[in-house]
Amino acid sequence: MSNRFSRFINKVNYAPKKLRPFLLTKFFCSTVKFAGTTGIKIKFVSHEQVEISLANKKKVQNHIGGIHAVAAALLAESATGIVFGMNVPDDSVPLLKSMKIEYQRRMKGSLTAVAKITEAQRQAILQQEKGDMLIAVEITDESNEQPIVCLMDWAWVKKRR
């Protein structure tokens, strides 16, 4: 299965390896304007997995110098939304229904998010006109620990004509 988004990603994946993250990030941030304000960097995208990062820079810091909780939530939403969006047909629209985020401890340095979707989840999207599913994302900081645990509930419905 391919949609407009995944066809673009497939073209980008033919570009030189060093150029891919720049092209992926530029495309995503031009489409999802708010994500572009944080400085999210997309490292890898496939139908099954997405890896993105967020540097601990002044514009995303909280009052104690760590990445702000909302910026970390945006990272989680973006990672799961990209991997989910890679699999939603063009005649459907992806919608975030809810997010569950548990902050475990203070975040140290930059964050990396890896979101994955299973083959069973991919098949459900293809076979059902509408539905929803939980997509987990693992977010680690520079200590290689998980400062937050996130679970996003994404839905898809047919576009209105």
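How many residues does the hairpin that joins β1 to β2 pass through? The hairpin runs through three residues. This is a predicted model, where local features need pLDDT of at least 70, side-chain atom pairs count only at pLDDT 80 or more, and totals for chains, interfaces and linings use all residues. Residues are numbered from 1 along each chain as its sequence is written, and side-chain values use heavy atoms, without hydrogens or water.

Strand β1 covers residues 41-45 and strand β2 covers residues 49-54. The two run antiparallel, joined by four bridges; strands pair if DSSP finds at least two bridges between them. K41 faces S53 of β2.

Now step back. The protein contains five helices and six strands. These are DSSP runs numbered from the N terminus: helices are H or I with at least four residues, strands are E with at least two. Along the sequence the order is α-α-α-β-β-α-β-β-α-β-β.

Next, the overall form. The C-alpha atoms fill a box of roughly 45 × 35 × 30 Å along the principal axes. A compact globule of 161 residues would have a radius of gyration near 15 Å, and the protein agrees with its 16 Å. That radius is taken over C-alpha atoms, and the globule rule is 2.2 Å times the number of residues to the power 0.38.

Then the inside. Of the 161 residues, 43% are buried, meaning under 20% relative accessible area with a 1.4 Å probe, protein chains only. Among contacts (heavy atoms within 4.5 Å) with a separation of 6 or more, 68% link residues 24 or more positions apart.

Technical notes
Buried means under 20% relative accessible area, exposed over 50%, partly exposed in between (1.4 Å probe, protein chains only).
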